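Here are my notes on the model you sent over. Have it open while you go through them.

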Amino acid sequence: MSLLDRLQERIAIEGPIPVADYMAECLLNPEFGYYTTRDPLGADGDFTTAPEISQMFGELVGLSLAQGWLDQDRPARFTLAELGPGRGTLMADLLRATRGVPGFHDAAEILLVEASPALRTRQEITLAEFQPQWVSEVSELPKQPLFLIANEFFDALPIRQFIRDGDSWRERLVGIVEGQLTFGAGPSAPQASLSHRLEDTRDGDLVEICGPALPILDEIATRISAHGGAALIVDYGDWRSLGDTFQALVGHKMTDPLMTPGAADLTAHVDFEALALAARHAGCAHTRLTPQGVFLERLGITQRAQTLAKGMTGGKVENLVAAHRRLTHPEEMGNLFKVLGLFPESANPPPGLDR
Ligand code: SAH
């Protein structure tokens, strides 16, 4: 039996299912899920990410968080956490770059939030010397100062899609037509959580909401506002999402999200306004949403690249220049990816970002 068979069976019994249910099954089904069964990253995988492109990304994120720790009077014990650490590359670069910050490593309790057994194994190998611990849920993070990074984590959380119909909404559903998974729409109904979107949408417009993101934000923001710390959330998306951003990647190419359930990376753009509102609701301050290229330039990525280039020749220098461009250039990841920082109301925002 394949995941497609399972989904067809479920839909035959229950009727069409929300996009969020489809996405959750495809990504995290214990037996067939995309993340649960494989390591999808890198050149021979389906997609690549900023830390896999260059060590500079994790290094600069590390320095921003460590400077935040220094600015907040070096709490003697704190959680250094990453959500969805992939291959562990970002955390390894972050830890290498912060070795020179006196006391930072000794005070850090390294905790990784990871749902995929396959990627946990990979992280265990990459990070063996640092002896991290794993948890499955953000709610399991200790109640103490929290310095956290999440890169391309929120885009993997299941979204629901709604199509405007007068002052009501029809939910986009996944059903079966002639044996094939097909998108359709449910009955028209009012949606209290979308009342603010009646201002900026018209009939037929599609909006997305990511339910699981809000309790996660609440857990993080509550710790930061009560105990101190900072969070850097890096992802593609914008302040407010409009339109269908549900997408599938296989072998670095876009495909139909319904074509190969369980075998494609499924993501949606992050609606940063919803995250910022959840943070504020929990008493935590947030920064302005900042393009990744601007954030990295402010933290000195160009100087870092120049320093690294000194020890290199030929093809290595070209690769470094290409990586710098990919991470920062507005036509590459520089503008599509954004950074939102969370910090305590009484503290300064993490370096690279502003209020
Ligand atoms: N941050 C890494 C990997 C991004 S891929 C990088 O930048 O390279 C998304 C990561 O989030 C993977 O590690 C995946 O297994 C994890 N993930 C996805 N959904 C999750 C969930 N609900 N809970 C915990 N981890 C999750």
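Predicted model: local features only at pLDDT ≥ 70, side-chain atom pairs only at ≥ 80, totals over all residues.

1. The part I'd look at to begin with is the largest pocket, with a volume of about 750 Å³. It has 40 lining residues, and those closest to its centre are G84, A115, F153, A156 and L157.

2. Where does the largest pocket sit relative to the domains? Domain 1 (3-32 + 160-208) and domain 2 (34-158 + 210-243 + 264-343) both contribute lining residues, so the pocket lies between them. Elements giving two or more residues to the lining include α2 (19-28), α6 (89-97) and α9 (213-227).

3. Next, helix α13 (residues 314-328): its 15 residues reach 22 Å from first C-alpha to last, close to the 21 Å expected. Buried here are L320, A323, H324, L327 and T328. They cover an arc of only 110° around the axis, which puts them on the same side of α13. An α-helix has 3.6 residues a turn, so residues three or four places apart point the same way. On the face turned away from the buried side, α13 carries the exposed residues E318, N319 and V321.

4. Two backbone spots deserve a look. Most residues other than glycine have a negative phi. E152, though not a glycine, has a positive phi of about 50°, and H252, not a glycine either, has one of about 65°.

5. Are these two buried or exposed? E152, in the loop between β5 (146-151) and β6 (160-165), is buried, at 15% relative accessible area. H252, in the loop between β11 (247-250) and β12 (253-255), is partly exposed, at 40%.

Key: Residues numbered from 1 in each chain as written. Heavy atoms only, no water. 1 Å grid on protein atoms, 1.4 Å probe; cavity = no way out; pocket = protein on both sides within 12 Å on 5 of 7 lines; lining within 4 Å. Points joined across faces, edges and corners; volume = space filled by probe spheres on them. Helix = DSSP H or I, 4+ residues; strand = E, 2+ residues; numbered from the N terminus. Domains from an automatic or database assignment. Expected span 1.5 Å × (residues − 1). Buried < 20%, exposed > 50% of the residue type's maximum accessible area, 1.4 Å probe, protein only. Arc of directions from axis to C-beta.
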